[in-house]
Amino acid sequence: MSGPHTLSARLWAVVACVAVAIGGIAAVTAPASADTGCKVDYTVNSWQGGFTAQVKVTNLGTALSGWRLRWTYAGDQRVTSAWNAQVEQTGRVVTAANVAWNSALATGGSAEFGLQATWSAANPAPTDFTLNDVACNGTTTPSQTPTVTPTVTPTVTPTVTPTVPPGCSGATVCSGFEDQAGSPSGDWQVVTPNCAGTGTAVIDTAITHSGGKSLRVNGGGGYCNHLFVGTTRDVSRVGPVVYARMWVRHTTALPATHVSMITMADANDGNRDLRIGGQNGALQWNRESDDATLPEQSPAGVALSTALPVNRWVCLRYEIDTTKQSMRTYLDNQEVAGLRVDGTPTQDIDSQWLRRATAPRPATLRLGWESYGNDQDTLWYDDVALGSAPLAC
């Protein structure tokens, strides 16, 4: 699969002055006899089979107390999730409406939201935006003027590389590595606990999930060939629930022997690592202090986990409650049953894990590779986020 491409298009729009209700999204209103007009920036970060879109709507007319943006996809795009707006799709028609906190649009004010979607045959950018059911044509229309000559010409802007990945603005860690070059630096530092060998880490521009850069880790076989890249941001006070999300891609199927890809020093366990990795070909959690695993390494337990797909980007999310033993893990928005801790011991899943009663308290975040056998892998990480609020893929 080739790396993703980025498409950015600026499309100009006119705002409606009417109120309409549609498919569960509340009606919105604008004052009568008001100037109308808006512009829309629709920026796409696309890869084979999927994309994210960041949408910015700017009000050029009289202030609005609510808004609803609608467009039609010309291809086979299907919206799967969204943030900062209520988004619904019927057939090829997509409707995005304000949420409570961004309903007001002053003159010159903007609202931004994002979405994630899939596509198969084609992914052309939409061109028929309407705001409050009035077609967008790139002008501001005074209420007392019968005709207006457009003063703004629709344009296509050059590609813009986002500096903040979608859906994590305000999180303690929110990085697409766009500020990095060559080797990790600044907010990201190479870490080789105990010993250093052949493992390397670079900022990659050839394979990315979004934007123009990602973190690539070349992990060697054998413990001393491990390598991690850790954030310098203080994550020790994130909570009470720690939410994490990242996009991961790797080249070699998880082995039968034990490996780790993500580690977090646990302040409630002597700063020994809480680890996400694999064993018996499936994703697992592992605790350094007593080598407990989640799920347990029985055939029934392993069957409740899942492999980590190779040669494509996957979204990995997890939640860690720092007040009680509760953890949940998701892969491409599907919860992994064998990676759930709920406080009640369940055979083959978390009975071993719950032998330790104290909830974990992550104090660091490191991304990389560590093999306790001779297994090697090349991994990419992108659009990494960690904070106190839920994070979407």
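**Disulfides and an open sheet**

Across the whole structure, 3 disulfides are found, a disulfide being a pair of cysteine sulfur atoms within 2.5 Å. The model is predicted: local features need pLDDT of at least 70, side-chain atom pairs count only at pLDDT 80 or more, and totals for chains, interfaces and linings use all residues. Residues are numbered from 1 along each chain as its sequence is written, and side-chain values use heavy atoms, without hydrogens and water.

In sequence order, the bonded cysteines pair as 1-2, 3-4, 5-6. Cys-168 is joined to Cys-174, S to S 2.1 Å. The torsion about this S-S bond is about 70°, so the disulfide is right-handed. Cys-168 is buried at 2% relative accessibility; Cys-174 is partly exposed at 24%. Here buried means under 20% relative accessible area, exposed over 50%, and partly exposed in between (1.4 Å probe, protein chains only).

A disulfide also links Cys-315 and Cys-393, with S to S 2.0 Å. Its S-S torsion is -90°, and the link is left-handed. Cys-315 lies in strand E21 (residues 314–321) and Cys-393 in the segment after strand E25 (377–387), so the pair ties together parts 78 residues apart in sequence. Strands are DSSP runs (E, at least two residues), numbered from the N terminus. Cys-315 is buried at 1%, and Cys-393 is buried at 6%.

An open sheet is formed by 7 strands in the order E12-E15-E24-E17-E18-E19-E20, with antiparallel pairing. Its edge strands are E12 (188–191) and E20 (293–294), each pairing on one side only. Two strands pair if DSSP finds at least two bridges between them. Strand E19 (residues 282–287) is joined to E20 by 2 bridges. Trp-285 has Leu-294 in E20 as its bridge partner.

Technical notes:
Helices (H or I, at least four residues) and strands (E, at least two) are DSSP runs, numbered from the N terminus.
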